[in-house]
Amino acid sequence: MDKTNEKHFGLRVDGDILAKFRYVCGFEGRSANAQIIQLMLKFIAEYEKEHGKIQL
């Protein structure tokens, strides 16, 4: 990831959901932030596979 293009993204989430998410992330050896990025990349890839590459 290009650090010069890094943006902050705030997220409101239920505390129990966050605690469980962090637990599972730890089991997978990732931080919550790294896991969210992986989920976002997978989501984008699935969209682009069906609809074509997103041009920014």
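Me: What volume does the largest pocket have?
Reply: This is a predicted model, in which local features need pLDDT of at least 70, side-chain atom pairs count only at pLDDT 80 or more, and totals for chains, interfaces and linings use all residues. Residues are numbered from 1 along each chain as its sequence is written, and side-chain values use heavy atoms, without hydrogens and water. A pocket is an open set of points on a 1 Å grid over the protein atoms alone, where a 1.4 Å probe fits, with protein on both sides within 12 Å along at least five of seven lines. With volume taken as the space filled by probe spheres set on the points, the largest pocket has about 850 Å³.

Me: Is Asn33 buried or exposed?
Reply: Asn33 is located in helix H2, a helix being a DSSP run (H or I) of at least four residues. Buried means under 20% relative accessible area, exposed over 50%, and partly exposed in between, with a 1.4 Å probe and protein chains only. Because its relative accessible area is 53%, Asn33 is exposed.

Me: Which helix supplies the largest share of the lining of the largest pocket?
Reply: Helix H1 (15-28) and helix H2 (32-51) each supply at least two lining residues. The largest share, seven residues, comes from H2.

Methods:
1 Å grid on protein atoms, 1.4 Å probe; cavity = no way out; pocket = protein on both sides within 12 Å on 5 of 7 lines; lining within 4 Å.
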